[in-house]
Amino acid sequence: MAREIKTRISIDGEAKFKASLTQVNSQLRVLASEVKAASAAFDKNKATVEDYEAVNKALAKQIEQQKIKTEALKSAVADAREAY
């Protein structure tokens, strides 16, 4: 007689962490598109202050999203450290 044992392990907060990370990564992709669009909006010969400001704003948003992602990863490491 064969017996089958199935085990399912879930870590509290893992789904929330993955969802948060997915959202941050999605936002980073959007911001990368904004940087490309802002960069493409001006020629190297006709660059204006406004053009550079648009690129700078998009890059600043990317930095903020990376900070959020870093904090989420630090939190996950701390949670894993506590759990194990």
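Biologist: What is the relative accessibility of Glu 34?
Modeller: This is a predicted model, where local features need pLDDT of at least 70, side-chain atom pairs count only at pLDDT 80 or more, and totals for chains, interfaces and linings use all residues. Residues are numbered from 1 along each chain as its sequence is written, and side-chain values use heavy atoms, leaving out hydrogens and water. With a 1.4 Å probe and protein chains only, buried means under 20% relative accessible area, exposed over 50%, and partly exposed in between. Glu 34 counts as partly exposed because its relative accessibility is 33%.

Biologist: Good start! Which residue meets Glu 34 in a salt bridge?
Modeller: A salt bridge needs a side-chain nitrogen of Lys or Arg within 4 Å of a carboxyl oxygen of Asp or Glu. For Glu 34 the N to O distance is 4.0 Å, and the partner is Lys 61.

Biologist: How many residues apart are Lys 61 and Glu 34?
Modeller: Helices (H or I, at least four residues) and strands (E, at least two) are DSSP runs, numbered from the N terminus. The chain has two helices and zero strands. Lys 61 sits in helix H2 and Glu 34 in helix H1, so the pair links distant parts of the chain, with a separation of 27 residues.

Biologist: And Glu 64 with Lys 67: how far apart are they in helical turns?
Modeller: Their side chains also meet in a salt bridge, at 3.6 Å from N to O. An α-helix has 3.6 residues a turn, so residues three or four places apart point the same way. Because Glu 64 and Lys 67 are three residues apart in helix H2, their separation is about one helical turn.

Biologist: Which residue meets Lys 74 in a salt bridge?
Modeller: Lys 74 is exposed, as its relative accessible area is 51%. In its salt bridge, N to O is 3.8 Å, and the partner is Glu 71.

Biologist: Let's look between the helices. Which helix do the buried residues of H1 pack against?
Modeller: H1 covers residues 14-40, and its buried residues are Leu 21, Val 24, Leu 28, Leu 31, Val 35 and Ala 38. Contact means heavy atoms within 4.5 Å. Those buried residues pack against H2.

Biologist: Which residues does Gln 65 touch, beyond those up to four places away in sequence?
Modeller: Gln 65 lies in helix H2, residues 49-83. Gln 65 counts as buried because its relative accessibility is 15%. Leaving out residues up to four places away in sequence, Gln 65 touches Val 24, Gln 27, Leu 28 and Leu 31.

Methods
The expected span of a helix is 1.5 Å times one less than its number of residues.
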